[in-house]
Amino acid sequence: MRKPFIAGNWKMNMDCAGAKALAAGLAEQLKSVDTVDVAVCPPSVYLQAVATELSSSNVALGSQNVYFEGNGAFTGELSCAMLKDVCCTYAIIGHSERRHVIGETDELINKKVTAAITGGLLPILCVGELLEEREAEKTTEVVTQQIKKGLAGVTAEKMLAVTIAYEPVWAIGTGKTATADQAQEVHAMIRALLAEMYDQTTADQVRIQYGGSAKPGNTAELMANPDVDGLLVGGAALKVEDFAAMIKTVA
Ligand code: PGA
């Protein structure tokens, strides 16, 4: 049985006071939730402040990025050890905004995934097609490449540390959610691919989140799919009521 996993990606939003208030509100609202794994991924400058608010809560902390080197002359980057030092459990890696706005490649993403696992962080590897790729019926091809390249060298045992987030780029921040059928179709394809790359037992254990305009109103429908094991939530994760409502729906 895969335990549902809902993560909030705050992206480049909030100030320190807002981040602390959101974290404190979630800690309070989710006190009695233990059937869903929950994490929030604030901007890195607020990780420490949010960690304080979440200490002794059910809500785990994640970063929105990580660098693959251990330390040294890498201006602006953060290592696994630094993120663990401020209480991160998870690291989002290869988010579409980092792929398409910042220009991260599958090769770089693979180095980050590998470093995160070795460094004791649990990667959330994001994959997903652009609108033009979907329209050209290239979704399977694009997502397959992203997964194969992103997970190069990751053994079956290490794969158990990884969560995959399927986020169709055309659904992110657009209010245009994939239909439950569209999500299930790609999630099932991803699981079959993992079974082919690893084995069925491993594939059955890996959690696959959906992301892209997930909100309280579509949570139940998305989560009713057999291969949708959780959600990676952007906009709706910025409000205590919305994010807590989504988690309570799943719990
Ligand atoms: P959204 O973002 O929920 O605002 O569409 C999801 C994501 O980018 O992870």
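The questions and answers below concern the cavity, the pockets and the ligand site of a predicted model.

User: Which pocket is the space taken by the ligand?

Analyst: In this predicted model, a molecule is assigned to a pocket if more than half of its atoms lie within 2 Å of the grid points of that pocket. By that criterion, the space taken by the ligand is the second largest pocket.

User: What is the volume of the second largest pocket, and which residues lie nearest its centre?

Analyst: The second largest pocket has a volume of about 190 Å³, and its lining, made up of 17 residues, divides by class into 5 nonpolar, 9 polar and 3 charged. Those that lie nearest the centre of this pocket are Gly 173, Ser 213, Ala 214, Gly 234 and Gly 235.

User: How many residues surround the ligand, and which are the closest?

Analyst: The shell around the ligand divides into 4 nonpolar, 7 polar and 2 charged residues. In total 13 residues surround the ligand, and the closest are Lys 11, His 95, Glu 167, Gly 173 and Ser 213.

User: At what distances do His 95, Glu 167 and Gly 235 lie from an oxygen atom of the ligand, and what percentage of the ligand's accessible area does the protein cover?

Analyst: For His 95, an N or O atom of the side chain is 2.6 Å from an oxygen atom of the ligand, and for Glu 167 a polar side-chain atom lies 2.6 Å from a ligand oxygen. Gly 235 takes part through its backbone, with a polar atom there 2.9 Å from an oxygen atom of the ligand. On its own the ligand has 280 Å² of accessible area, and the share of this that the protein covers is 95%.

User: Which helix gives the largest share of the lining of the largest pocket?

Analyst: About 640 Å³ of space lies in the largest pocket, which is lined by 24 residues, with Pro 43, Ser 44, Gln 64, Asn 65 and Arg 98 nearest its centre. That lining divides into 13 nonpolar, 7 polar and 4 charged residues. Helix H3 (80–85) and helix H4 each supply at least two of the lining residues, and the largest share, 4 residues, comes from H4.

User: How much space lies in the largest cavity, and which helix and strand each supply at least two residues of its lining?

Analyst: The structure holds 1 cavity of 30 Å³ or more, and about 40 Å³ of space lies in the largest cavity. Its lining consists of Gly 94, His 95, Ser 96, Arg 99, Cys 126, Val 127, Gly 128, Gln 146 and Glu 167, which by class gives 2 nonpolar, 5 polar and 2 charged residues. The elements that each supply at least two residues of this lining are helix H4 (96–102) and strand S5 (122–127).

Definitions and conventions:
Residues are numbered from 1 along each chain as its sequence is written. This is a predicted model: local features need pLDDT of at least 70, side-chain atom pairs count only at pLDDT 80 or more; totals for chains, interfaces and linings use all residues. Side-chain values use heavy atoms; hydrogens and water are left out. On a 1 Å grid over the protein atoms alone, a cavity is a set of points where a 1.4 Å probe fits but cannot get out, and a pocket is an open set with protein on both sides within 12 Å along at least five of seven lines; lining residues have an atom within 4 Å of a point. Grid points are joined across faces, edges and corners, and a volume is the space filled by probe spheres set on the points. Ala, Val, Leu, Ile, Met, Phe, Trp, Tyr, Cys and Pro count as nonpolar, Asp, Glu, Lys and Arg as charged, and the others, Gly among them, as polar. A residue is near a molecule or strand if one of its heavy atoms lies within 4 Å of it. A polar contact is a pair of N or O atoms within 3.5 Å; within protein, one must be able to donate a hydrogen and the other to accept it, and residues adjacent in sequence count only if both atoms are side-chain atoms. Accessible areas come from the Shrake-Rupley method with a 1.4 Å probe; for residues, only the protein chains shown count as cover.
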